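Me: Please look at the structure shown here. I should like to work through some questions about it.

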Amino acid sequence: MDKTDLLIKNYKKSQIRFRNVMVLLSLLMAAIFTVGLSVAQYPITFSETIKILIDNLNNTVDIETYDDWIKNEIVINMNIPRLITGMCIGLILSVSGAIMQITVRNPMADPFTTGISSGGLLGASLFIAYGICLIPTLTGNTAIIVNAFIFSLIPTAIIMLVTSFKKNISPTMMILTGIGVMYIFSASSSLIRYLADPTKGAEIYRWSLGSLGKVTWDNLYMVVIAAFVAIIAGILLSSKMNTLSQGDVVATSMGLNVRRLRLISLIICALVTAVTVALAGSIGFVGLVCPHIAHALIGRNNKLVVPCAAIVGMVMLVGCDIVSKVILTYGLPVGAVTALIGSPIFIYMLIKSKKQSW
Amino acid sequence: MDSKIVAIVAVAIVAVVAIAAAAVLMGNGDNQAKEKENNQTSTTSDSLLIVYGNANNDYTIDNKDVELIEKIIKDKLEWKETYPFADANYDQKVDEKDVEKTKQIIAAGPNNQIKVFHKQWTGTGYGVADTTYPILAAMSSSNQTDVISYDILGIDNEIKAMSYKYPVHEYYDKYLFGNFFDVMDDEHCVANSGTAVKVEKASEFMTKYGCTAYIYSNSSSILNNTATLEDMGLDTVKVADSVSDIGEYTSSLLLLGWLFDNGTNGTHQKAIKATEWFINYNNDVTNRLAKVWNGEVTQVRGVASSIDGAVNVSGSANTELLLKAGMDCPLATAEGSGTGSSSLKYTSGIDTWLDYIKLDTVIILRGSFTTTGSFIDPNAPGEYISWSWFDKDYDNLPDAFAEQTNGFYSLECYKKGQCLITSTMLPAPLKSAIMANYFYAGTIFEDATTWSTEYCADFFKTFLGWSDDFLQGQRYVLTQEEVCGKVA
Amino acid sequence: MNQNPEHDAVTELQKSYRSYIMKKLIFIGICVLACIAAVGISVTVGARPVSFQDVYSIIFRHLMGTTYTPGSTEWLEDFVIWNIRVSRSVFAVIAGAGLAVAGAVMQGVMKNPLAGPYTTGISSGACFGIAISITLGFTAMNGTMSLPTVILAFVFSLVPMLIMILLAPKENVSPATLILTGVAISYLFNAFTTVLMVTTDEETLADVYEWRLGSFTNITWSCIPVSFGLTAACSIILYLLSNKLNAISMGEKEATSLGININQLRLIMLSLASLMVASIVAYAGILSFIGLVAPHIVRLIIEGDNRFVIPGAAAFGATFLLLCDVGARILSDVDAIPVGVIVSFVGAPLFLYLIIRQSKNMW
């Protein structure tokens, strides 16, 4: 009787903890969002921001001077889409990261483990340097996005192909195949960048840096839809993830079709991450460290970890983006900021993982 | 042992971060120091032949120099400050050997070449190099600013091979660079990116054509294997480009013209003519701009954009030109990022920080691959066939203008109609003239384009020999007002 | 008479052991010969057209001390052949051997078939060190790499190395973990290098980018002393330690019982390997996959005895890199393709193949 009581007590404790953590994180997110509305290179005070928001909601926008116009532009057309994008991408990356880490049974996995970012870069380079697009009628930015999206799915397709040939492919094999393909693709895009004209080479470089600023109100729906798909899929899969993390044999004996689950997780993660890469480039470290931060906060129950990681990811990415906008005069790419912030956490993770059995 | 390793890792990380931060800060410091040098544009240096042996600091080496050196020896005159080029053999002394050397220089010719010492621009200052004189065959960079200089001097026969940055040479303007088309192809290519002349290829050309030198300038990329090339016997001659101060540029023209003069091609004379022409222009502009420098006329604020999606900042040639044209360029002290430090992207989607900066005008330089901006049918002078920028064709000017100024629409100055496009392939002094004319239309110049158009026409007629008919309808600048009509 | 059966058994054993060793030595010998042949081919390939026989007669005469009048055709040919081609080939041998030995050692120490200078992120760390050295002004990328540069490169390659040690094999660390960590570290250092490069000028940026891809364009004889010295010294020391490496691969307990201090040995061997890699990266940039693929292929043929794998990998790696360099020079007359790109294009598919092929035994 004591043991059951203990279990129930622990369970309730973890639920309460989860609730507290989520509330705190949500408040943090709301605070960062509010701050982010008025942060830009141009000086805008907070009250002005509120006024602009209210005006727009009431449709009473009154623009008389250039100053008014630019402030309106910044808040409505720059900051808000950027914040929303940051939240969506942060969510997508960390949920995918959490799922990938369980699926391939490796704490170092992240959404780009299947080679998605290198595929995206190759697609973008091909279009920027040579104008080759898989759907020949598109031009300009749309073409880059579509190309990047399609190409980023190729490594995943290869992994699935290899999987279908071998009956009992281990998750490690998946990772390694993904990495092998990633190396090939990045060698190709390096070659393209090197041989192209300097202006085109510079443009490819700019694309590869990763930035949240490329998403406009027109594109925003893509990211939002992907984010919704990610969180819903994440929550649905999370209970199965618990079973999977017990080990393949145990999971199968509990009636789980392990192979099918792996494939489905892989495909969903790949799709949503590909949207991210196509629209914003590759932003590293978010998918890698956020699930671990979630672990540290609320333990290893995946049903709780997935939502928690989602919010942690949102907070981290939006925070880093705000920092990247104002640091060093004209800004750093957000990937560099996430790397700077993520790496101490990453190293700490490594040190701690020695004690765990992975 | 575990905790020891953890400790080491922690120390290592701290060290990494510290050194990286230091490096970033120092890097910033260096850039600032560099641009302080660049912004001293108010004093111009002298034009002279910067060869050691040219004791009297004029445009040539002749008996007057010999006499001056003998006088220095006889009267024991102080020469280091006033006659630095009297030391013809660069041994830090002025003596009989210098007289001997100067006489040898005067007597040199295609059949007896000798080594001369001359000033050489290096990345950070000036040095001295020695070069075989006269140069009968050479290789050169294919940077457009440089090639125009070669056109002015008429040394197209002597250039046997070039490095090129763009693999498709048919996009080079045949009116500006026609003389060099033969050497801008695969067979005559000696580098592929400009930063390292490929040694084996260079040696092949040295044997095949007898090239003894490689000419390049500040605009070309830094060569990073000059040591190897010098060891191999290839003289590298680095000159100042047309963006530099007019004294330095004309000194470079004189140097090249003199080095390449083999007695029959008259390149030295052409260089002297060009020097006088440029100095005249420069005096004209300086006189007119005096009103800006002494505050009578307010400075115009603007920026230049020569790359799609980016504006030029500190370190870019175009920013230099803006400053020389009397403008206030608020980005002149900004540092670049992403595409390299001379330009800064102004939009990444909707990230337009450029809107925050108060500007009076934007100058857009386009046309890396095309002509000077217009096609005139020689059979139907006065009529335009089509406009070509960046290998695209447009049916009408407003379309061309609109597309090339894409990205600046949200700027206040654009809304007021204060924008212009000119060709990036024009020589720097011409670009500067165009800018000055436009900025100070009405205050210093009568209108926005007449003076600069005449000036450009004079240049092309004098140095490239374009006919009057051809020059008749050439346009060198498109203003928004002309193309799109007066804006409110 | 009755000692004969034992005697026979012993001689049988000796004979089979000898033939076992012979097989390995023959393979190493073949690799060395292949390397020499590759050098022979490499000096005849280049942009300047010099015929096959001429190349060798020039080299021979140079070694005999013949000099020519500067500026003459023969002098130019001698200059090009000797200073450019021969030095480049020699450096390719050094780099290939050094990287392969480093890779073999890393694989043994980490007990992970996927360890190598590139996959563990050590090359990226060294690259970052070079970037710092450029920013601080120690070197101007014109081929005259100073010793401080190599030292900085080494110091910064230590960070990934230490992180790797943290991942030292407990019984249940999968090989994939190491490589994923390596990818993360590479990304990290690349991001730092990008930030640093933001503040330099455009030309240096283009230079750094080309060199980062791995290029032999600026190799002259001045690059050889430091890289050769460090590579040779470290390789010899590592070879002398190869017995102990064998012991480690048997297992921790077994090795400790033989009196080997595992942690200390790991630290020493990885440091030496990093030093070698740093000195090579300083001159040639990041050459991927050699350290990974060469030891593997060698092991496929002569199995895992490190006393033979190390020399064998050295010879094989040198040949591999030489042939890639020859390929790069043949493909582009103007030497436009950096050798690192060719190596990636050859190495990445090999890597993929190795994974798929080895999936049965390894994981």
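**Confidence and helices**

Me: Which element of chain A has the lowest mean pLDDT?
Reply: This is a predicted model. Among the elements of chain A, helix H8 (residues 220-244) of chain A has the highest mean pLDDT, 90. The lowest value, 72, belongs to helix H7 (residues 198-209) of chain A.

Me: What is the mean pLDDT of chain A?
Reply: In chain A, 92% of the residues reach a pLDDT of 70 or more. Where pLDDT is low, the predicted coordinates should not be read in detail. The mean pLDDT of chain A is 83.

Me: How is H2(B) oriented relative to H3(B), roughly parallel or roughly antiparallel?
Reply: Helix H2 (residues 63-75) of chain B and helix H3 (residues 96-107) of chain B pack with their axes 10 Å apart, at an angle of about 180 degrees. Angles over 145 degrees count as roughly antiparallel. Therefore H2(B) and H3(B) are roughly antiparallel.

Me: Which residues of H3(B) make the contact with H2(B)?
Reply: By class, the contact has three nonpolar, one polar and four charged residues. H2(B) contributes B:Asp65, B:Val66, B:Ile69 and B:Glu70. From H3(B) come B:Asp98, B:Val99, B:Thr102 and B:Lys103.

Me: How many of the 15 residues of H4(C) are buried?
Reply: Helix H4 (residues 122-136) of chain C reaches 21 Å from its first C-alpha to its last. H4(C) is mostly covered, and its buried residues number 14.

How values were computed:
Residues numbered from 1 in each chain as written. Chains lettered and ligands numbered in written order. Predicted model: local features only at pLDDT ≥ 70, side-chain atom pairs only at ≥ 80, totals over all residues. Axes fitted to C-alpha atoms, helices over the stretch in contact; angles between N-to-C directions. Helix = DSSP H or I, 4+ residues; strand = E, 2+ residues; numbered from the N terminus. Parallel < 35°, antiparallel > 145°, perpendicular 65-115°, else oblique. Contact = placed C-beta atoms within 7 Å. Nonpolar A, V, L, I, M, F, W, Y, C, P; charged D, E, K, R; others polar. Expected span 1.5 Å × (residues − 1). Buried ≥ 20, exposed ≤ 12 C-beta atoms within 10 Å, placed from the backbone. pLDDT = per-residue confidence, 0-100.
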